Amino acid sequence: MTPLQGYLLLSALLFAIGLAGALTRRNAIIVLIGIELMLNAANLNFIAFWRYNPNPEASTGPLFVLFSLGVAASEAAVGLALVIAVYRHYRTTSVDKMDTLKG
Amino acid sequence: MLEQIFVSAKHWLVDLAPSQWQPIFSALISVVALLLVFPSLFALTTVLERKGLGRIQNRYGPNRVGPWGLLQPAADGLKALTKEDLIPRAADHWMHLLAPLVLVVPAFLALAVLPMGRNLVAVDLDAGVLFFFAVGAATELSVFMAGWSSRNKYSLLGAMRAIAQMISYEVPLILSAATVIMVASSLSTVQIVEAQAGYAGWLPQWYVLTPWGFAGFILFLIAATAESNRSPFDLPEGESELIAGYYTEYSGFKFALFFLGEYLGMFATSGLAITLFLGGWHAPLPFLEWIPSYAWFFGKMLGLICLFIWVRGTLPRLRMDQLMNFAWKFMLPMALLNILVAGIWRLMPPGWSRWLVCGIAVIGPYVFLGRALIEHKSYARRSYRYAE
Amino acid sequence: MTLSFLFLSILIISGAITAMTLRNLVHCALALTLTFAGLAGIYLELNAQFIGFAQILIYIGAVAILLVFAILLTRGSEPPTQSAFSGSWVWGVAVAVVVFGVIASVIFSSRVLPGMAPQISRPSVRQIGDALMTRFVLPLEVLGLLLTAALIGGVIIALRDKTELETSQSSDITTQPSSHSQRP
């Protein structure tokens, strides 16, 4: 197994763990944690491919990951604000209870 | 010769090792040097602070242990080591244990990128300033861990206040450093110091002696005071309100580690202020260059520490809402305007015109914002009483 | 497989599994911080210095603290009244295992992957800055707009409006006031 395959396998494992957590946990905040793990796995994939790329174009990998970091941070901020707002209304963060479309 | 004494000593020591172990050995020597110098500076600062505060408050500081109380840190260390280590029964054991470590380790890491003399930097990173702010941000997590793991409402309240304060003041801190990065066009601390070399006549070319640099320096120092939770921003550890804030439930050596971490944070941010604004290890006047560079660095650092102690003894504590207002409504706009002024400075030709434009661009908004944000209250007349 | 890669990957995977399985939410957030730190170590090992430091600054210094604040503001530190996992957790784990299996089989059966050789250059910060200002200036501006929108949107969403405050105060007279509700 080459080093690149090792990094890609680690990224896939991290993605799968994040996906499992996002699909099985009840608390909305843990679901958001799972989503952050998936985003991090994708970032790791980018950096691994950039590092082992024979193409000498210098900074595309890190730059893409930089934008991904910015988007992930803003998404976490807005997602957590939403969870707090929903908590104020329903008094619960369990995603199983948030099943009505009516306000 | 005197100046390069530490560098030559390190080269001699590294040459003693076999050639394949030399990089690790060299790194180990830098680490051990940092671990010896800064805790002793911490010990000196505790005495200096207590004596200085005592004198400002018209009393003697500690003066029983050793001449002028100079051996007080030894007594304090012995006391901290031999005190009983109490952990509350409901406390989260592992978080309670790890919180002081998570504070101290990033503080030591941050000291590694500061150039303390010519060729005297532990690690010369290409993105040194970014590394500094990254590990500085990691210390906030330790504050939360300490407050939450104690299962104590006072600790939690103090921790929440401390984190809110630290993240609010991190923004002006990084923005005022961004002006220097912009003008020096490098993130490496060594290159920023080198960009401030040289003299224009008798005056050094430090960034603090420019309008935007002066404003940035003041903003950086205020934000650094808030980041270290020092007075007048020490509401999280306000002794009259929250007992000791987020380290109420700590005793003995862990308490001492918290103090070490806090003071190391203060040293690190003053070291960065010296690197970014005060010209690092450069001498202020051309004929004073015979004094070694590390002496200048540590002399400037002692000066900044004395400034922090002076401010602590003089100003009263800020209330939480005053603190947050100050950060978001005053310091953030000033820091953003400072970036603009630094850009104007860089693009205008040197001469009195750019001094005029940049000076007005800094002082004008400062006066305007200051007056707009004042809440008009009438205060009673102050009265002073001295101890007899 | 170098020793550092093995150590860091064990740290990352154990942190991720811990973050997804613990009941205590604050411990989950701290395990996630450990995962982020391990990832930053891997980025440094892969010669992406700028991204490694940015990862520490953004994820550990901001996102983790945001998570912790949200956990505290939604009373997550109290013991949960029901099970932490939803009823159909088997299907979630099965989907994740299938996804991992598919990706792993693609990785191992690829004919292109083993042939890629490592490049040794490390981009300086100056190169990243140049690229940001010349080739990627439009994404940079869009990211700035996105962050501004997220900032304003987050504040507006989480803001307590006055009518809600009055009704909640009048109806929950008997509940104990929380110590960390309005003023941080």
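Reader: What percentage of the 184 residues in chain C is buried?
Author: Buried residues account for 30% of chain C. Please keep in mind that this is a predicted model. In chain A, buried residues make up 54% of the 103 residues.

Reader: What makes a residue "buried" in those percentages?
Author: The word rests on a count: a residue is buried if 20 or more other C-beta atoms lie within 10 Å of its own.

Reader: How do you know that α9(B) is mostly covered?
Author: The buried cut-off is 20 or more C-beta neighbours. Of the 24 residues of α9(B), 19 are buried, so by that cut-off the helix is mostly covered.

Reader: What does α9 of chain B span from its first C-alpha to its last?
Author: Helix α9, residues 253-276 of chain B, reaches 34 Å. The expected span is 1.5 Å times one less than the number of residues, and for this helix of 24 residues that expectation is 34 Å. The value is therefore close to what the rule gives.

Reader: Why is B:N119 called partly exposed?
Author: It has 15 other C-beta atoms within 10 Å. Exposed would need 12 or fewer and buried 20 or more, so B:N119 falls in between. You will find B:N119 in the loop between α4 (93-110) and α5 of chain B.

Reader: Where is C:N47, and what is its phi?
Author: C:N47 sits in the loop between α2 (25-45) and α3 of chain C. Its phi is near 70 degrees, again a positive value in a residue other than glycine.

Reader: Is C:N47 buried, exposed or partly exposed, and why?
Author: C:N47 has 18 C-beta neighbours inside 10 Å.

Reader: What makes a group of residues a "nonpolar core"?
Author: The members must be buried residues of the nonpolar kinds, joined through C-beta atoms within 7 Å. The largest such core here has 176 residues, and B:A273 and C:A64 touch the most other members. Helix α3 of chain C, residues 49-73, gives the most to this core, with 18 residues. The core also draws at least three residues from each of domain 1 (1-79) and domain 2 (123-173) of chain C.

Reader: Which residues does C:A64 touch, leaving aside those up to four places away in sequence?
Author: In chain C, it touches C:A29, C:L32, C:T33, C:F36 and C:Y59. From chain B, C:A64 touches B:L141.

Reader: How do you know that chain A and chain B are not in contact?
Author: A contact needs two C-beta atoms within 7 Å, and no contact joins chain A and chain B. Their closest C-alpha atoms lie 14 Å apart.

Reader: Which pair of chains shares the most contacts?
Author: Of the two pairs in contact, chains A and C share the most. There, 61 residues of chain A are in contact with 69 residues of chain C. On the chain A side, α3(A) gives the largest share, 21 residues. By class, that side has 41 nonpolar, 14 polar and six charged residues.

Reader: And what about chain B against chain C?
Author: That contact takes 22 residues from chain B and 18 residues from chain C. The largest share of the chain B side, ten residues, comes from α5(B). The side of chain B has 18 nonpolar, no polar and four charged residues.

Reader: What sets chain A against the rule for a compact globule?
Author: The rule puts a globule of 103 residues near 13 Å in radius of gyration, but chain A has 17 Å. Its C-alpha atoms fill a box of roughly 55 × 25 × 15 Å along the principal axes.

Reader: How many helices and strands are there in chain A and in chain C?
Author: Chain A has three helices and zero strands, while chain C has seven helices and zero strands.

Methods
Residues are numbered from 1 along each chain as its sequence is written. Chains are lettered from A and ligands numbered from 1 in the order in which they are written. This is a predicted model: local features need pLDDT of at least 70, side-chain atom pairs count only at pLDDT 80 or more; totals for chains, interfaces and linings use all residues. Helices (H or I, at least four residues) and strands (E, at least two) are DSSP runs, numbered from the N terminus. Domain bounds come from an automatic or database domain assignment. Ala, Val, Leu, Ile, Met, Phe, Trp, Tyr, Cys and Pro count as nonpolar, Asp, Glu, Lys and Arg as charged, and the others, Gly among them, as polar. The radius of gyration is taken over C-alpha atoms; the globule rule is 2.2 Å times the number of residues to the power 0.38.
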